[in-house]
Amino acid sequence: MSDDFTLQTETIGDTLVIKTGGYINNVAGEKISKVFSENQNSSIKNAVFDLEKSKVINSIGISYLLEVIEMLSDKNGKIVFLNLDPSVEKTFKIMGLFQFSQTAGSLDSALKELTT
Amino acid sequence: MEQNQLVEKLSLQSESFQEGFKILTKSDNFAEMAKNFRHLLRANFIITDIHLFHKKSFTTEWKDILSHDKIDPKILSFLKHDDQQTLINYNHESYNAVIVLPLTDSSYLGILLGKKLDGGEFTNFDKITLQILLQVFSSAYESFLNQKKEKKLIFDLNEKIMQLNNLIDSGIEISKYENQNNLYELALQKAASLANASSAIIKIIDKGKNNNEELFIFPNGKNPENILNSSYKIETSFDFGEKTFLFVLSEKETRKGVTNFNDLDELLLQAISRQVQTAIENDHLLKQSIEKEKMEKEFLLAAAIQQRIIPKELPKIEGFELAGINIPSKEVGGDYYDCIDLGNGIYSLIIADVTGKGISAALLVNTLNAALYSYLEFNLPLNELAEKLNKLIFNSTPPDKYITFFISILDSKSGKLDVVNAGHNPVLLLRKDGKLEKLESGGIGLGMLDLGIPYQEQNLILNTGDRLFLYTDGIPEAMNKNEEEYSDERMIDFFQKNSFANSPEFIIKMVDDVKKHVNGEPQSDDITCLILKRI
């Protein structure tokens, strides 16, 4: 159970912007994965994750994010993370997420990054 | 078909086999791989009626890979096989081929290939192509499994590095926290994420407050009872002071659901708990050290005040020998003595002891000293002076603060001695002939009560050879390690036997005797005494 987990999505062109709040664990990972599965056959190929309100993530949550990265890589898409807590950023670095994704300071710069 | 033609045709197909292998190995999961394989089979044999099944082991049930529908028992009967070898049946009445392919992980792929769309026969070329495609699938499946294993290995390795790193970081972060509530929240977040727990709780039970419980929960909103009563939980605890700190993690998460925690998780939880324990202990020690430092500063200040008031040198009184000493204890008591030259051979001899220790006692001595110097200028009778001092001290101190006080006015020419004892230990007067008098009359300690009860003055004459001994309770109450007091009896006996010595010498001997009794035990109160001898 991840009682405090919240997820908001917004589509901007071919990019799905996801804002999460709370602990990213198994249940949260399933919710994130479901959003992408539902959009698998759509024109969505990029994703921006705003994790400002998610300060804690476990390795199960990370495994879901890795799957999303792989899914979008197959579509030649990209992933950008926003507002990462320093400890989450360090965790992502160790788990190798930044080999296939980037970080940005704002949504505008993230969208700019995705179009280059 | 001629053998050469067959080889030529197969070599033309080889690129498409290789491409098929690549497509299969790029599949994200087994279902996608099966789907891609079905495309390959369709393209190669122009067959749409293709069914793919999978079973995890020789003894388990077949499952339709691409459909969740229940499998027709008739179809299942087609897939019966007696051993763990590859089965290919080309002579089936409904299908061109019925195949059972053992895979590298001891699972099986079942394939039913229906009739060709053009109604044509299943040729030798088709049979060879099928054999090759089965080999392609088998190899791709092995590669797919290896990739999966490799990914898992890398993930597991990274996870361990992450756990170690986070544990080190949490130790640093936890040690920095001054606010204990934030400390518990951080510890919960770290413990839950490190052990992949779905929730965590810290329960603090205060035995000093009727087992009052305080709960910290992660994530917010979880029901604490569900965590504490979970079938999948680990816990650890430690005691500090009167409090017990219980750490509980509930439900270890996996991609397939919740499970039991392992030994590593227990170690991680214990490590986080120890980090919190160390942080709490360090915080406690820091507070103690600040308090100690504050007290030491206060004692230094108190000692400075006391030493400023107590005379460095006593006046020389013609016809008398006067000596005194004050040895402050570590905590600095409120002892005070003085001998004030009032002119014309008149002297005031004072000894006092303020209740309590430290800065407040020292400040009260300071007040007494200042007031005394002022009042002595007015040449008041001693009982009036004591009355005024009592009012002053009563009005300027809390009820638990008072001063035991002895004052005397000595006319050194005549030997006349007027005294008032305001609640102080009896002053001892040893006459030349060995008769001991205790000077006790006066009244209550200064500042104890303000009921207007008059102080009684006593008037005496000191003759040659008479000795007056003034002391504070630090002497008779000095204790050795067996908590035995030096006692009034021993002090009086010592005074009687040794006061024939000159005054400074007597004071040194008196202190030595007290020290001999306490035998190295720390001094718990100030030691103060004065001796006046008429020579």
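**Reading strands and helices in chain B**

Author: In this predicted model, strand 15 of chain B and strand 18 (residues 442–443) of chain B pair in the parallel sense, over 2 bridges, and within that pairing Asn421(B) has Gly442(B) of strand 18 of chain B as its bridge partner.

Reader: In which sense does strand 15 of chain B pair with strand 14 of chain B, and over how many bridges?

Author: Strand 14 (residues 403–411) of chain B and strand 15 of chain B are antiparallel over 6 bridges, with Phe406(B) standing opposite Asn421(B). The two strands form a hairpin with 4 residues between them, where Gly415(B) takes a positive phi near 85 degrees. Strand 15 of chain B also pairs in the antiparallel sense with strand 19 (residues 458–461) of chain B, over 4 bridges, and there Lys416(B) is the bridge partner of Ile461(B).

Reader: Why is strand 15 of chain B described as largely enclosed by the rest of the structure?

Author: Strand 15 (residues 416–422) of chain B is so described because 5 of its 7 residues are buried.

Reader: And what describes two packed helices?

Author: The angle between their axes and the distance between the axes describe such a pair. Helix 5 (residues 180–194) of chain B and helix 7 (residues 263–309) of chain B pack at about 165 degrees with their axes 9 Å apart, and they are therefore roughly antiparallel to each other. The residues of this contact divide into 9 nonpolar, no polar and 1 charged; among those that meet are Leu183(B) and Ala187(B) in helix 5 of chain B, and Leu268(B) and Ile272(B) in helix 7 of chain B.

Key
Residues numbered from 1 in each chain as written. Chains lettered and ligands numbered in written order. Predicted model: local features only at pLDDT ≥ 70, side-chain atom pairs only at ≥ 80, totals over all residues. Buried ≥ 20, exposed ≤ 12 C-beta atoms within 10 Å, placed from the backbone. Pairing = 2+ DSSP bridges. Axes fitted to C-alpha atoms, helices over the stretch in contact; angles between N-to-C directions. Parallel < 35°, antiparallel > 145°, perpendicular 65-115°, else oblique. Contact = placed C-beta atoms within 7 Å. Nonpolar A, V, L, I, M, F, W, Y, C, P; charged D, E, K, R; others polar.
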